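Please read it alongside the sequence and the coordinates.

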Amino acid sequence: MTQKEYFGYVWRKKRTDIYQNMKWINKTNLRKIRIGKESYLWKRGHYHLDAFEYSQCVEKVIVFLNGYKNSPLHLLFKEEDNHLFKSDLEKEKWCVGHPEQGVIWLYKPEADLQAQRVNININLNRPAVIARLIEHYAGTHWNPRKTNKPLVIEDALRLVEELELPKEVHTENKS
């Protein structure tokens, strides 16, 4: 298996054209995290969809159990997926990776000034967030020791609502 196959190049080529500009992950940029007795390697990247209806931004997280390079966990946080679980996108929606890469933040329209003063975001660059995602999938759907196939979660944005992910809350003081 070549390095490009290992880091998702072949996975991307088999997918539809909306993922064509997602770059493969460079092994030297992997970060290490330890959860319990297990060591994992992970990487986060920001990409843009070629074909989209609402938004082109995607944050992609790839996690490997150390020593099991053939069965990574791929999590795709697509802003496009807001319509799957939010009933009224005019009231609020999760924005992905803009203006800060790796950050998913809750957007509420300017008309709701009180809500805009409190900013809630989830930072995918934080190991605590990645640890929570790994704990969720390692306990349910992902077992890299028993398979040689990657697990791809294309609608990972729903996890922002479903899981208790560590959030950052910033309050803006306006007099």
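**Notes on the sheet and its salt bridges**

1. The model under discussion is predicted.

2. An open sheet is built from five strands, arranged in the order β1-β2-β3-β4-β8, with mixed pairing. The edge positions are taken by β1 (31–35) and β8 (151–153); each has a single partner strand, so one side of each is left without a neighbour in the sheet. On average, and with direction ignored, neighbouring strands of this sheet are turned by 25 degrees against each other.

3. Within the sheet, β2 and β3 run antiparallel to one another and are paired over nine bridges. In this pairing, Y47 is placed opposite V58 of β3. Helix α5 (residues 127–138) packs on the sheet and touches β1, β2, β3, β4 and β8. The direction of α5 makes about 60 degrees with that of β1.

4. Six salt bridges are present in the structure. One of them joins R44 to E59, with 2.7 Å between the closest N and O atoms. Since R44 belongs to strand β2 (residues 38–48) and E59 to strand β3 (residues 57–65), the pair ties together parts that are 15 residues apart in sequence. The strands concerned are those already noted for their nine antiparallel bridges. Both partners are classed as buried: R44 has a relative accessible area of 15%, and E59 has one of 0%.

5. A salt bridge also links K93 and E79, where the closest N and O atoms lie 3.7 Å apart. K93 is located in strand β5 (residues 93–96), while E79 sits in the loop between β4 (68–78) and α3 (82–85), so this contact ties together parts that are 14 residues apart in sequence. Are the two partners buried or exposed? K93 counts as partly exposed, at 25% relative accessibility, whereas E79 is buried, with a relative accessible area of 10%.

6. Another salt bridge is formed by the side chains of R158 and E162, at 2.9 Å from N to O. R158 is partly exposed, its relative accessible area being 24%; E162 is exposed, with a value of 51%. Under the cut-off applied, exposed means over 50% relative accessible area. These two residues belong, together with D155, to a network of salt bridges.

Terms used
Residues are numbered from 1 along each chain as its sequence is written. This is a predicted model: local features need pLDDT of at least 70, side-chain atom pairs count only at pLDDT 80 or more; totals for chains, interfaces and linings use all residues. Side-chain values use heavy atoms; hydrogens and water are left out. A salt bridge is a side-chain nitrogen of Lys or Arg within 4 Å of a carboxyl oxygen of Asp or Glu. Helices (H or I, at least four residues) and strands (E, at least two) are DSSP runs, numbered from the N terminus. Buried means under 20% relative accessible area, exposed over 50%, partly exposed in between (1.4 Å probe, protein chains only). Two strands pair if DSSP finds at least two bridges between them. Axes are lines fitted to C-alpha atoms, for helices over the stretch in contact, and angles run from 0 to 180 degrees between N-to-C directions. Contact means heavy atoms within 4.5 Å.
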